[in-house]
Amino acid sequence: MSPLEIGMASVVAIVVLIYLGMYIPIALGVVSFVSIWLMRDNFDLAMNLLKIAVGDSVMEYTFATVPLFTFMGLVVSKAGLGADVYDVMSTGFRRVKGGIGMATVGANAVFAAVTGSSIASASVFSKVSVPQMLKYDYNPRFAVGVVAGSSVLGMIIPPSAMLIIYSFVAEQSVGEMFLAGIVPGLMLAVAYVGAIFIMGRFFPKFVGGRPAEGFEPMPWGEIASKTLPTVGLIVVVLGGIYTGWLTPVEAGATGSLVALVIALVRRRMTAKAFWEALLETGHITASILFLITAASIYSRMLGLAGLPNELGDMLSSSQASFFTIMVLYVLLMLFLGTLLDTASIILIVVPLFLPLVEPMGLSLVWFGIITVVGAEIGLLTPPLGISCFVIKATLNDDRISLKDVFLGALPFAGVMLIVLILLIRYPALSLAILN
């Protein structure tokens, strides 16, 4: 088999194994291990490469960002900061058509800057925002669609677990990836707010809703008490990284400590909740480490098969343009997004396309932003839109079906695609803060 055939066969085999119910990292690892064994007819070589992949993953210093930012996000969620930010946002937008939806987007953007998890955002705002929108007669599909669409901000606005995973696979700086994600994340949030305004103006039946009656503005003191803890945490974490005072690992540790202090001061952190946060942090960290290890052995298998050189030769002989490569890349991510979760897409497609992107002199930091945004669209598309499933499970409301969640999220997936095209066309948008 040619290197290209081996690469395509490995992708097909991984997808098939996942669909058969195999755990994703195991599917990646098994296919890679067996491929190396068959290609070289050497079981010992396959075992040695597996040992190296495991060792490299465990010994990577920057991997400490994963448990630290995960713990910080869980503590922030338990401290109720998401609900507080939403209360403040909804006060400002309540009288605008679709205003509670806009408030949900704004609150999700702020919440994303201290959690980095789309799943956490979807869970929190399903409980907080959807009941409020239904109370004011918003279309249920619009209500759940806003939560689903804005929840993906958690994987783009730093700190983001997906940006960390990409930085390991592509060997890029976690700090640079975080800084590069700020402008695209804010762009997407603004685009969502703009889309809600347009939908409210031209498609009022889809949005629904009625003006708030007997509404009184929130006092400034209450606004400060609800927002300052979150703002302070964002300043400490992202400000520390941006100014160079803190490395990403140090920022994660500092953020975790500050979040814990906030939760204790607000009396939201019991011994039981603290233990639950530690256990969940361990589970998430172990699963991500397993994914990164599997991706490492997969990348080594592709290199051993000669796929990077093969793709480079194909690029030079076919004179494929930048536009052609990016169209193929986005289409592949959109297709895999209907089958796999975001992390799996990153781990499968990035090793395949890095050999094409690097020789073209393109920024791998920019390429990472494109990858995460493209893969995140899959969170909103059937049959495996994870955010949509989380929202449905969290609501547990028979009035809202899974079909309603997917249809409500569809316009926001379209907005994401438009933003993705803009980011591809204008790389400076992703690299502005780094320059």
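Q: What does contact mean for a pair of residues in this model?
A: Two residues are in contact when they have heavy atoms within 4.5 Å of each other. The structure we are discussing is a predicted model.

Q: Which residues is Ser150 in contact with, once its neighbours within four places in sequence are left aside?
A: By that cut-off, Ser150 is in contact with Thr104, Val105, Asn108 and Tyr192. Ser150 itself belongs to helix H8, which covers residues 140–151.

Q: Why is Ser150 called buried?
A: Buried means under 20% relative accessible area. Ser150 has 0%, so the label applies.

Q: What makes helix H6 largely enclosed by the rest of the structure?
A: The count of buried residues tells us: 16 of the 17 residues of H6 fall under the 20% cut-off, and therefore the helix is largely enclosed.

Q: How do you know that the length of H6, residues 99–115, agrees with what a helix should span?
A: The rule takes 1.5 Å times one less than the number of residues. For the 17 residues of H6 that gives 24 Å, and the end C-alpha atoms are 24 Å apart, so the two values agree.

Q: Why does Val249 count as buried?
A: Val249, found in helix H13 (residues 248–265), has 9% relative accessibility. The limit is 20%, so Val249 is on the buried side of it.

Q: What makes Val357 a buried residue?
A: Its relative accessibility is 1%, and since buried means under 20%, Val357 qualifies. Val357 lies in helix H17, residues 342–357, and touches Leu362, Leu364 and Phe367, not counting residues up to four places away in sequence.

Q: How many Å separate Val357 and Thr394 in space?
A: They are 40 Å apart, C-alpha to C-alpha, although 37 residues apart in sequence.

Q: How do you know whether the protein agrees or disagrees with the rule for a compact globule?
A: For 435 residues the rule gives a radius of gyration near 22 Å; the protein has 22 Å, so it agrees. Along its principal axes, the C-alpha trace spans about 75 × 45 × 45 Å.

Q: What share of the residues is buried?
A: Of the 435 residues, 52% are buried.

Q: How many helices and strands does the protein have?
A: There are 21 helices and zero strands. Among contacts with a separation of 6 or more, 79% join residues 24 or more positions apart.

How values were computed. Residues are numbered from 1 along each chain as its sequence is written. This is a predicted model: local features need pLDDT of at least 70, side-chain atom pairs count only at pLDDT 80 or more; totals for chains, interfaces and linings use all residues. Side-chain values use heavy atoms; hydrogens and water are left out. Helices (H or I, at least four residues) and strands (E, at least two) are DSSP runs, numbered from the N terminus. The radius of gyration is taken over C-alpha atoms; the globule rule is 2.2 Å times the number of residues to the power 0.38. Buried means under 20% relative accessible area, exposed over 50%, partly exposed in between (1.4 Å probe, protein chains only).
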